[in-house]
Amino acid sequence: MENAIKVTGLSKHYSGFELSDVSFSLPRGTVMGFIGRNGAGKTTTIKLIMGLIHKNVGSIEVLGKEMGPDSADIREKIGFVYDEQAFYGGIMTVRDVGKMTGRFYKEWNNNEFSRLLKEFNLDPEHKTEALSHGQRTKLSIALALSHNAELLIMDEPSSGLDPVFRIEFIDILYRIIQDEHRSILFSTHITTDLEKIADYITLIDNGRIVFSEAKDDILDRYKIVKGPLNRLDQKGREMCIGVREMRTGFEALSASADKLAALIGADAITQRATIEDIMVFTVKGETNGW
Amino acid sequence: MSNISIIISQTSPRPIYEQIEDRIRSLIVSGELNDGDELPSIRVLAQDLRVSVITVKRAYDELVAAGFLTSVQGKGCYVSVKNKELFREQRMRIVEEKLDEAAAEARRIGMTLTELQLMLTIVFEEEK
């Protein structure tokens, strides 16, 4: 399958933070959740892909072409949605923000923009400074789709949204990907949003990729095992990716849950892990009572 | 395209693609889906079930490989009953094995055939 994004061996050094040897690819027509704690390197990676900052080493291909200083044609095909979008200072109306944005894109479609405003229930006469967080996110998406973006890159788009709007937001994403030419890279620390829609999950920690795989494969592999603490011996611990110990028992993430459960015996409980479980246990490793 | 009923559990330990696969397979075996019926597109079904596109694709791919669906490039997925009889035979063998077990257990505690038949009738009707 052709890739919407292919990042290979990407590195960027800052004093105090280093993004090292980041590689992953997002096949066209799919959705990738890009997860990690705050400060893990999500935004830096996204800024590098967008060409907003310069890499030290590595290669970035977007929609089949190497990103470089003269990649204006590729940038036309990218829609960028981020948390604190300013919309030219906020004093313009929604309609004028559309007009202004349209000047920067060859493929701007004003009819599509008007249609999306209706679909998203946005008033064209509203000043953008008066929009709620959710409305600003919808406006960003409407702008991206109106210049016919094939790749949507979203940096923490849902973090400031209330639960009701987050559901509407995921709904909008489902409508976007009904067009199989569109791909979405979606960074977040709210993993429940990804539990459903994401095809791939990429976990970054401390500037390094921990894994980048199909979500179903990850969820098939890792399970949560719970049991009494005194039954967890050294052999059992070796089967765990992370263990949480409490006075009442232990909870562990394991890639060999069946074996671990057999070792613990009748008191063991095995259950499906959530993306959050996998992120927290993988990143935290072995700790006591957090 | 007809509406088909697929209910999946997001919390079940069973993988979601397996749940989708099983459900479509049983709709075919039970005759609710017939030869030539068109299935929803992968992306539409993903949206309706609130699961990922490749989760549905995986279920469809397995069903195509097992001969329950055929996929027509650029058009969609259609039910194909090539293997319906084979599948039914396999399932009947499982039923037979379970009945064997039940019969053995019944003999062990001295149940008569009539008693066992009566019990089966009750159990069978209850499930309906």
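B:R14 forms a salt bridge with B:E18, their closest N and O atoms lying 3.2 Å apart, where a salt bridge denotes a side-chain nitrogen of Lys or Arg within 4 Å of a carboxyl oxygen of Asp or Glu. The structure is a predicted model, in which local features need pLDDT of at least 70 and side-chain atom pairs count only at pLDDT 80 or more, whereas totals for chains, interfaces and linings use all residues. Residues are numbered from 1 along each chain as its sequence is written, chains are lettered from A and ligands numbered from 1 in the order in which they are written, and side-chain values use heavy atoms, with hydrogens and water left out.

The side chain of B:R14 also meets that of B:D22 in a salt bridge, at 2.7 Å from N to O. B:R14 counts as partly exposed because its relative accessibility is 34%, the classes being buried (under 20% relative accessible area), exposed (over 50%) and partly exposed (in between), computed with a 1.4 Å probe on protein chains only. Its two partners are likewise classed as partly exposed, B:E18 with a relative accessible area of 30% and B:D22 with 29%.

Over all chains, a search of the whole structure finds 26 salt bridges. One of them joins the side chains of A:E2 and A:R28, with an N to O distance of 3.0 Å. This pair links distant parts of the chain, 26 residues apart, with A:E2 in the segment before β1 (3-14) of chain A and A:R28 in the loop between β2 (17-27) and β3 (31-35) of chain A; helices (H or I, at least four residues) and strands (E, at least two) are DSSP runs, numbered from the N terminus. A:E2 has a relative accessibility of 47% and therefore counts as partly exposed.

At the interface, the contact (heavy atoms within 4.5 Å) takes 20 residues from chain A and 19 residues from chain B. The two chains bury about 1,600 Å² between them, of which 45% is on carbon and sulfur atoms; buried area here is the accessible area (1.4 Å probe) that two parts lose on being put together, summed over both. Within chain B, the residues that lose the most area to chain A are B:R43, B:R50 and B:I54, which together account for 40% of what that side buries.

Across the interface of chain B and chain A, the rule finds three salt bridges and 15 residue pairs in polar contact, both residues being at pLDDT 80 or more. A polar contact is a pair of N or O atoms within 3.5 Å; within protein, one must be able to donate a hydrogen and the other to accept it, and residues adjacent in sequence count only if both atoms are side-chain atoms. The elements giving two or more residues to the side of chain B that touches chain A are α1 (16-29), α2 (42-49) and α3 (53-65) of chain B.

B:R50 forms a salt bridge with A:D171, the closest N and O atoms being 2.0 Å apart. B:R50 lies in the loop between α2 and α3 of chain B and, although not a glycine, has a positive phi of about 55°. With a relative accessible area of 24%, B:R50 is partly exposed.

A positive phi, of about 60°, is also found at A:N148, which is not a glycine and which lies in the loop between α5 (133-146) and β7 (151-155) of chain A. Most residues other than glycine have a negative phi. A:N148 is partly exposed, with a relative accessible area of 33%.

A:K55 is located in the loop between α1 (42-50) and β4 (57-62) of chain A and counts as partly exposed because its relative accessibility is 32%. The side chain of A:K55 reaches the backbone oxygen of A:G58 at 3.2 Å and makes a polar contact with the side chain of A:E66 at 3.4 Å. Leaving aside neighbours within four places in sequence, the residues in contact with A:K55 include A:L10, A:L48 and A:M67.

Apart from its neighbours within four places in sequence, A:D277 is in contact with A:I224, A:L253 and A:R272.
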